Amino acid sequence: MSIKKSNVREISYSAAISEALCQAMAADKNVYILGIGVTDYKGIFGTTIEANKRFGRRVIEIPASENAVTGVAIGSAAFGKRPVVVHARNDFMFLTLDQMINTASKWKYMYNGKTRVPIVIRGIIGKGWGQGPTHSQSIQSVFMHFPGINLMMPSTPYDAKGCILTALKLDSPTVILEHRSLYDSTGRVPENMYQIDIKKARSVLQGGDITIVAVSYMVREAMRAAMALKKQGISAEIIDPRVFNPLDEDAIIRSVRKTGRLMVCDTSWVSCGVSSEIAGMIAEKAYDSLKAPVKRIGVKDCPAPVSRTLETIFYPDHRLIFREACGLCGKKADMDLVNDPVIDNFNGPY
Amino acid sequence: MKIQKKDAIALYKKMSLIRHVEETLAGIYPLKEMRTPVHFSIGQEAIASGVCHALKNSDAVFASHRSHAAYLSKGGDLDGMVAEIFGKRTGVAGGRSGSAHLSDNKVNMFSAPILGSYVALACGAALAFKMDKKNNIAAAFFGDAAIEEGVFAESLNFALTKKLPVLFICENNFFSTHIPLNLRQPARPIYKRMAGAGVISARVDGNDAARVFSEASKYIAGIRKGSGPVFLECVTYRYREHVGPNFDFENPYRKRADFDRWIKRCPLACMEKFMLRERYAGADLIRRINEEALGKVRRSIELARKAPWPGHKDLLKDVY
């Protein structure tokens, strides 16, 4: 949809989530929220405080029972409800995989489309601040692998709100992985309720030399890299798929046919991940357009470390994207162009 | 509580239908027309029949892989079930669920073979009923192994904390596949351990449909009035192998003598005796009920055999 600049406020990613939840709950009495900490004073980094204030009976605190509560959400959805389950760290969603994969993803199919389980699962990806091995994973590849689950990863406040409102209108289970590092970022968000087109990737930047597909937080790093690339004479095209299951393959294929080069930047490991899937898809469907090998960028092949020096090496950033993109385009990277300071406005704790 | 004639006859009819369809399907299973794992409930019919007879159509039932008894007891469509196990398009799920996921949304009955996972779904249905102020309950059928899974403990705790209208029905047949109960759980009876967790808990003879029905009726009435969840352990015995049509007494995990002891307490024979003793039915009526059930089963099998197969155009529908 087109937005008139003058009419649209700028709000934060977390405020956009909160607003989406409240609007959805006001519009549909079957929408309810459940999760650990959804009614506490911090309200999942502020995203459930307003909903709890306004619709308290429909914001349900749960015991630490991630697996059963996912089943509860499914069972209630089979009987008309639209639950939103919240996990303050997506790492805890590993405890829910039986219900998500054995039940939710297959429900509509195995019962021949006669009933549906429209559950929405919000999981938040943590990054940095020494959260370490079990609190800063990005578990998207799991939900991209199995058919029957919609997977969304919004990178802007607009999409953060749009994903929730859209997911709450879908028939099938939807996982929304939000990124904690984006929570304070701001952007234009219409006040009204709106949907995103889940069949369409978001074009972030148009360019002709290289296609950069970026996942969630990596869209921001890709944008910073693109500014430096421009100074180096490389015009980057950035695609934010935002919906990864099902994936808008055509948008990526079209772009690669135009640029002839592909880099995929993920917040997770490369192996068997989103970047591998997209690389494989392009190898299969647009190999003849490639002028250079596909480049996959992700975190290093080890669990996330705690120490800040190790974290710095572990996570990919705009510098790495810049250097690798220059390499793919056959140019020597002038690293002075990416010497801008690290953004560090987070004071912890998580 | 002594049950009335109409209830006794209804229970017997349900059990007779379940017994005949399963015996008949087991008999023709070697023909390889049904190519899907089938878990027969033969010997365990009284539990689902007794509990479901105390439920309303709008109540929810969640069950396990040993699903036929709960499916038919809840009023699931027989033709749809048989065609489903045959893998035909006319099956209740168009050949996608087979026996182990047998479900009929028209009667609010769902099943799947991941032991404890659907116990949580029953709690979800109960939560929906409670939020909507409906006077419905959710019943979860599961075997004795399901309570060994973490999700069961989570579900029980959730149901108790939120005081949900759920009836947990543990069909204790003493075996998880081929592993006896004493290798998996402490000796203290299941229902006593559950009572220790704080849930209203009782044990009933799972081969006595009249008794299951009267106990279930009592607890279901309480649940509808707001008692919160109830756990009912129904003790029973499976006649056939874990999965498939055969008897498996030649294998060391169980004893022929146990089977001989349990078959004397066959749920159908038990109900026949009861009906004759109470003069609820004579031998003629009992024969007619069985003939009628067998007739329905044969017709369903004929229909399933003639029914069309699903094909290419069916494969990718309803994924998202």
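Q: Which residue in β4(A) is the bridge partner of Leu34(A)?
A: Start with the rule: two strands pair if DSSP finds at least two bridges between them. Helices (H or I, at least four residues) and strands (E, at least two) are DSSP runs, numbered from the N terminus. In this predicted model, Leu34(A) has Val85(A) as its bridge partner in β4(A). Strand β2 (residues 31-35) of chain A and strand β4 (residues 82-87) of chain A run parallel, joined by five bridges.

Q: What should I know about the numbering and the rules for this model?
A: Residues are numbered from 1 along each chain as its sequence is written, and chains are lettered from A and ligands numbered from 1 in the order in which they are written. This is a predicted model, where local features need pLDDT of at least 70, side-chain atom pairs count only at pLDDT 80 or more, and totals for chains, interfaces and linings use all residues; side-chain values use heavy atoms, with hydrogens and water left out.

Q: In what order do the seven strands of the open sheet in chain A stand?
A: The order is β3-β2-β4-β5-β7-β6-β12, and the pairing is mixed. At the edges are β3 (59-61) and β12 of chain A, and each pairs on one side only. Neighbouring strands of this sheet are turned by 20° against each other on average, direction ignored. For such angles, axes are lines fitted to C-alpha atoms, for helices over the stretch in contact, and angles run from 0 to 180 degrees between N-to-C directions.

Q: What is the strand order of the open sheet in chain B?
A: Six strands run β2-β1-β3-β4-β8-β7, with parallel pairing. The edge strands are β2 (109-111) and β7 (200-205) of chain B; each has a single partner strand, so one side of each is left without a neighbour in the sheet. From one strand to the next, the twist averages 20°. For a pair inside this chain, take strand β1 (residues 60-63) and strand β3 (residues 138-143) of chain B: three bridges join them in the parallel sense. Phe62(B) has Ala140(B) as its bridge partner in β3(B).

Q: What does the predictor say about confidence in chain B?
A: pLDDT is the predictor's confidence in each residue, from 0 to 100. Chain B averages 97, and 100% of the residues score at least 70. The model scores ipTM 0.96 and pTM 0.96.

Q: How many residues of helix α7 of chain A are buried?
A: Buried means under 20% relative accessible area, exposed over 50%, partly exposed in between (1.4 Å probe, protein chains only). In helix α7 (residues 157-167) of chain A, eleven of its eleven residues are buried. Among them are Asp159(A), Lys161(A) and Leu165(A).

Q: Is Tyr194(A) buried or exposed?
A: Tyr194(A) is buried, with a relative accessible area of 4%. Look for Tyr194(A) in the loop between β8 (186-189) and β9 (202-205) of chain A. Tyr194(A) and Ala20(A) are 174 residues apart in sequence and 9.3 Å apart in space, C-alpha to C-alpha.
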